[in-house]
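This briefing goes through one protein model in short points. Please keep the sequence and the 3D view open while reading.

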Amino acid sequence: MTDAARTDRVTDPLDASRAEIARLRAEVEALRARTLELEQRAAAAEAAADHDVLTPVLNRRGFVTAMSRSMAYCTRYKVPAVLLYLDLDGFKRVNDTLGHAAGDAALVRVAELLLENVRATDAVGRLGGDEFGLLLLNAGPDEGREKADGLKQALEQAAFLYEGQAASLGGSFGVRAFAGQPDAETWLAEADAAMWVRKRGR
């Protein structure tokens, strides 16, 4: 046997080990990339599950989740917060006169207007139909009422046109400060009741 053959026999197992290590490393990297992709998809799906399918705000589930987190934060750190409950006025008239596509466009416009008038730390959600919620942190009932009045004016002054036809937008707001309510649904119900008092009193 030649010296070259002996050398090949000695180094072959080493080369095979290196090749196996390289293969295993490639598999590990592929698995890591796949895991990251799945995690990103799951995060995107979870985020989508909390957002309204029509408007650029949270859906009821996402808004209630944001409320629950904020309630825990406010309780722990004694931070004030206020909830605004908006029910659009005359929305049925938009649907009846201009059609449901116009109604959808009006809801999108209202959601955009609400987002334009809150801080990044606040939450906006569509609670269902033509009802919206706004959660303002570091704000009490006076700030809540002031914000509600400003948003009411903004809604009434907003120009809403659909295929060249104008429609007026308005709304009634209920304002309820955080006062240690046991859960988000209780707080929502209180703000909803306050909104109906305002609506019926007009």
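Beyond its neighbours within four places in sequence, D50 is in contact with L58, N59, R61 and G62. The model is a predicted one.

- D50 sits in the loop that links α1 (3-49) to α2.
- D50 counts as buried because its relative accessibility is 15%, and the cut-off for buried is under 20%.
- One of the contacts of D50 is with R61, and the side chains of these two residues are joined by a polar contact of 2.8 Å.

**The sheet**

- Four strands form an open sheet in the order β2-β3-β1-β6, and their pairing is antiparallel.
- β2 (123-128) and β6 are the edge strands, as each of them pairs on one side only.
- On average, neighbouring strands in this sheet are turned by 20° against each other, with direction ignored.
- β2 and strand β3 (residues 131-137) run antiparallel and are joined by 5 bridges.
- Within that pairing, G128 has E131 in β3 as its bridge partner.

- Helix α2 covers residues 60-77 and lies across β1, β2 and β3.
- The direction of α2 is at about 25° to β3.
- R61, the polar contact partner of D50, falls within the residue range of this helix.

- Is strand β6 largely enclosed or open? Of its 8 residues (170-177), 7 are buried, so the strand is largely enclosed by the rest of the structure.
- A179 lies in the loop between β6 and α6 (184-200).
- A179 has a relative accessible area of 57% and is therefore exposed, as the cut-off for exposed is over 50%.
- A179 and P80 are 99 residues apart along the chain, and their C-alpha atoms are separated by 8.6 Å.

Terms used
Residues are numbered from 1 along each chain as its sequence is written. This is a predicted model: local features need pLDDT of at least 70, side-chain atom pairs count only at pLDDT 80 or more; totals for chains, interfaces and linings use all residues. Side-chain values use heavy atoms; hydrogens and water are left out. Buried means under 20% relative accessible area, exposed over 50%, partly exposed in between (1.4 Å probe, protein chains only). Helices (H or I, at least four residues) and strands (E, at least two) are DSSP runs, numbered from the N terminus. Two strands pair if DSSP finds at least two bridges between them. Axes are lines fitted to C-alpha atoms, for helices over the stretch in contact, and angles run from 0 to 180 degrees between N-to-C directions. Contact means heavy atoms within 4.5 Å. A polar contact is a pair of N or O atoms within 3.5 Å; within protein, one must be able to donate a hydrogen and the other to accept it, and residues adjacent in sequence count only if both atoms are side-chain atoms.
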